[in-house]
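Here are a few quick notes to read alongside the model. Have a look at it first, then work through the points in order.

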Amino acid sequence: MRADYIIAEIGSTTTVVTAFDFSGELPKVLAQGKGYTTVLEGDVTIGLRQAIDDIESQIEEKLTWDRMIATSSAAGGLKMTVHGLVHDMTVKAAREAALGAGGIIKMVTSGKMRASDIRRIRKIQPNLIMIAGGTDHGERETALYNAELIREAEIDIPVIYCGNVANQEEIREIFEGKELYVVDNVYPRIDELNVEPAREVIQNAFENNIVKAPGMDKIRDMVDGAIMPTPGAVMQATKLLYEMIGDVIVFDVGGATTDLHSVTEGGADITDILVNPEPKAKRTVEGDLGLFVNSKNVIDLLSERDLEGHSKEYITEHIKAIPETDEERHCSEILCKKAVELAVTRHAGYVKRLFVGKNSFVAYGKDLSQVQYIVGTGGALTRLPHGREILEGIKYRGEDISMLPREDAKVKIDTMYIMACAGVLSLEDEESARKLLEFSIH
């Protein structure tokens, strides 16, 4: 059997390979195989070959393909540290760029760094270091100071500079001979974000360096196409969905985290009272909300209403990595519902009334009120029986000002669980990626 593409999702524990045929009017999944991720064994291709062997045992013939591409959250994913000037301005902008590209933010600093910060970077061993700071032609000293401190520490980690453009020449001099990416300022003017150029460079730097990571250094023996961090691929797919269907938010509830990706400008009424700017495309990662690895955190947050007559001990006993019985599925859905409710509340902003005049309000955070589609992806929302109903529950049905999705937003499920696949595929074949998304969410 021959496939147009095989797309690998290399997770922290499991590697999934899916074979696709795009020759017809509708995309076709030819087969899907699984293997254990073998980064710790020193060679990720062992797990890739196991997954392909699994496919071949299913189809009982040899599998060949035209091109292989991949997403990866193995080897720690895309670990980053972010260093800016003012926490609510340049630091926030740099952090938004990193998260939207699929980064896992391990450390954030504002202002001038200290020796203790350098020690933390050494301990974290990130894949990328991001330096921001200063609006264009504004404050220069902090970013230059931080760059020199990092350079003097001789930390052999790629650096992305996305701060004041007036510093670019000096930054290049400081990091001469080192791997450096210089990109437009993520916060060029007060109340203006410019995160997309940095996101693109982050993804390029990830692809350049993931092949050097222990256990991943042989990946190019098999993967001859694009490689993206898995969360960045989901964001890429979310942005493509926005172009196809309009304002959208995507929920990905997993065993360890709950990720939300939204693409929306928000409403004019909220924009007019927004205190700080928000990116059009935003990703948040709720590292404490998971259905298995972090299930205890979610269980602790359950109220009497959430428990639906069960005890927390009962739910704990029935939580499994892959629920198989009706009781296990029901308990997983209780946690999934709570994780979704908490995650959207954290992702969305809020409106605060000021008691200084009649009808005076200010808004903080991301406005989701104009979202037209709520999409569920990930194992929980696509495989549990009531994923659609869980997402219906986040809609705001009151009359007060709210930044949550409204009642008329439509719920869709990524039935084929292919959003990450579509995201990385769109870098090489956008038309096929669009077909795949349209087919999966109907």
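This is a predicted model: local features need pLDDT of at least 70, side-chain atom pairs count only at pLDDT 80 or more; totals for chains, interfaces and linings use all residues.

**Notes on the strands and a helix pair**

1. I10 stands opposite T15 in β2. That pair belongs to the antiparallel pairing of strand β1 (residues 2–10) with β2, which runs over six bridges. Between β1 and β2 there are three residues, and the two strands form a hairpin.

2. Now look at the other neighbour of β2. Strand β3 (residues 28–36) pairs with β2, again in the antiparallel sense, over eight bridges. Here T15 has G35 as its bridge partner in β3. The link from β2 to β3 is a hairpin of six residues.

3. Next, the helices. Helix α2 (residues 87–100) and helix α6 (residues 196–210) have axes that come within 8 Å and cross at roughly 50°. Because of that angle, α2 counts as oblique to α6. The crossing of the two helices, α2 and α6, is right-handed.

4. Which residues make the contact between α2 and α6? From α2 come E96, A97, A98 and G100, while α6 brings A198, R199, I202 and Q203. Sorted by class, the contact of α2 with α6 has four nonpolar residues, two polar ones and two charged ones.

Notes. Residues are numbered from 1 along each chain as its sequence is written. Side-chain values use heavy atoms; hydrogens and water are left out. Two strands pair if DSSP finds at least two bridges between them. Helices (H or I, at least four residues) and strands (E, at least two) are DSSP runs, numbered from the N terminus. Axes are lines fitted to C-alpha atoms, for helices over the stretch in contact, and angles run from 0 to 180 degrees between N-to-C directions. Angles under 35 degrees count as roughly parallel, over 145 as roughly antiparallel, 65 to 115 as roughly perpendicular and the rest as oblique. A crossing is left-handed if the near helix is turned anticlockwise from the far one by less than a right angle, and right-handed if clockwise. Contact means heavy atoms within 4.5 Å. Ala, Val, Leu, Ile, Met, Phe, Trp, Tyr, Cys and Pro count as nonpolar, Asp, Glu, Lys and Arg as charged, and the others, Gly among them, as polar.
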